[in-house]
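Please examine the structure shown here with the following briefing, which moves from individual residues to helix packing and overall composition.

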Amino acid sequence: YTAKYKGIQFMGNTQSEAYAKRDTYKKQVEAGIRAEASGVPLPEYAGNWLHTYKSGVSDNTYNDYARMIETFVKAIGDKPLKSIVPSDVQQAFNAIAGKSRSYVSKYTQLVKGLFTSAVADRLILSNPCLQAKAPKSIAGTHRALEEWERDVILKSDHRFKPAVMCMLYAGLRRGEALAIDVDRDVDFTAMTITVREAVRFEYGHAVLADPKTEAGSRTVPLLDILANELKDIHGLLAPSASGVLMTKTAFRRAWDGYLNQLSMLAGKEVKIQARDLRHSYCTMLYDAGIDLKTAQKWMGHADQTMTMRIYTHLTAEREEASARQLRSKVNEKLHGMQNGMQKVAEKT
């Protein structure tokens, strides 16, 4: 069965179905929808949207966005934009439950931005993300190292140790540590270490680029423990076997080998992420009473938000620990008093 409208033919298994398709088309036109493009599938629009609106970010960030969009498209399928409903989006959001809070936030905002553009492009009438809720995420996935972990790091003689020490005792990001040239960036007289560049992995290959943020270019204090580690090193902190920048594969192999050595030294499995080292440095600044503004500068944070988040989290942890200690002391004293009173009662 067929129905026509302005030369366009609509087909259905029944006359009513054909009329329904025609009427839907008419309503879309009347509502301002670009009917000729309303059937565009999600993968096609998402790819074009990503290139149009996110091409100005760094290659690393763009690749992260591309992977998130790919994850969303896989969850939805090849549906046309106009066929995607809020429950589809919610199911896609639910599929990333348990990821880090940062990942979930970026993922959901990215998807919402995509559909906001689709509404502005007059491909759909409303944004199906408006009723979708972000799934549960994990906060604080990075942690400060424990004392025994610091001790085993100091005992290591692995070739990756100097880079690890820079992340742990200077707060450098992984890419910043891999880009450090000791002869150029470390001043043993002024006792400073200067971050000028960072390694970015593009399709597995390493390239030198500006630090992650404008604030990433910074000079931080060179602590004695780090100066002693770097004093006999020249050139890159962690070069490849051929003396150049590590590829992503080479880094992973080096990191796995490093953790294996730490595990052997510790007599148990050591599980450390590169960002745990940087988080440990921020914790050290907090414990040393370094003010928030200075900590932000040395961490290379673009604003105080991230530094404040870590400082606030640490404050809450310390308060909780103090409360536990107070309860323990009071209970111990109360228990002693009760025992003493019981002994007096028994004698009486």
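Thr108 is buried, at a relative accessible area of 3%, where buried means under 20% relative accessible area, exposed over 50% and partly exposed in between, with a 1.4 Å probe and protein chains only. This residue belongs to helix H5, which spans residues 101-120; helices (H or I, at least four residues) and strands (E, at least two) are DSSP runs, numbered from the N terminus. The model is predicted, so local features need pLDDT of at least 70 and side-chain atom pairs count only at pLDDT 80 or more, while totals for chains, interfaces and linings use all residues. Residues are numbered from 1 along each chain as its sequence is written, and side-chain values use heavy atoms, with hydrogens and water left out.

**Helix H5**

- Leaving aside neighbours within four places in sequence, Thr108 is in contact with Phe93, Ala134 and Pro135, contact meaning heavy atoms within 4.5 Å.
- Leu114 is also placed in helix H5, and Leu114 is buried, with a relative accessible area of 1%.
- Beyond four places in sequence, the contacts of Leu114 are Leu42, Tyr45, Ala46, Trp49 and Ile69.
- Between Leu114 and Cys129, which are 15 residues apart in sequence, the C-alpha to C-alpha distance is 9.7 Å.

**The loop between strands S6 and S7**

- Pro211 lies in the loop that runs between strand S6 (205-209) and strand S7 (218-221), and Gly216 is found in the loop between S6 and S7 as well.
- Pro211 is buried at a relative accessible area of 7%, and Gly216 is buried at 0% relative accessibility.
- When neighbours within four places in sequence are set aside, Pro211 is in contact with Glu176, Val195, Arg196, Glu197, Ala198, Arg200, Gly216 and Ser217.
- Gly216, with residues up to four places away not counted, touches Arg173, Glu176, Val195, Pro211 and Gly300.
- The C-alpha atoms of Pro211 and Gly300 are separated by 8.9 Å, although these residues are 89 apart along the chain.
- Gly216 and Leu172 are 44 residues apart in sequence, and their C-alpha atoms are 9.2 Å apart in space.

**The loop between strands S3 and S4**

- Met191 is located in the loop between strand S3 (186-187) and strand S4 (192-195).
- Met191 counts as partly exposed, at 25% relative accessibility.
- The phi angle of Met191 is near 55°, a positive value in a residue other than glycine.

- Leu259 lies in helix H11 and is buried, with a relative accessible area of 14%.
- Not counting residues up to four places away in sequence, Leu259 touches Val270 and Ile272.
- Leu259 and Gln273 are 14 residues apart along the chain, and their C-alpha atoms are separated by 9.6 Å.
- The axes of helix H6 (residues 147-155) and helix H11 (residues 248-266) come within 9 Å and cross at roughly 110°; axes are lines fitted to C-alpha atoms, for helices over the stretch in contact, and angles run from 0 to 180 degrees between N-to-C directions.
- H6 is therefore roughly perpendicular to H11, since angles of 65 to 115 degrees count as roughly perpendicular, under 35 as roughly parallel, over 145 as roughly antiparallel and the rest as oblique.
- Trp148, Val152, Ile153 and Lys155 in H6 meet Tyr258, Leu262, Leu265 and Ala266 in H11.
- The contact of H6 with H11 comprises 7 nonpolar, no polar and 1 charged residues; Ala, Val, Leu, Ile, Met, Phe, Trp, Tyr, Cys and Pro count as nonpolar, Asp, Glu, Lys and Arg as charged, and the others, Gly among them, as polar.

**Helices H12 and H13**

- Helix H12 (residues 274-287) packs against helix H13 (residues 292-299) at an angle of about 155°, with their axes 10 Å apart.
- This angle makes H12 roughly antiparallel to H13.
- From H12, Arg278, Tyr281, Cys282 and Leu285 meet Ala295, Trp298 and Met299 in H13.
- By class, the residues of the contact of H12 with H13 are 6 nonpolar, no polar and 1 charged.

**The protein as a whole**

- The secondary structure comes to 14 helices and 7 strands.
- Of the 348 residues of the protein, 38% count as buried.
- Among contacts between residues at least 6 apart in sequence, 62% join residues at least 24 apart.
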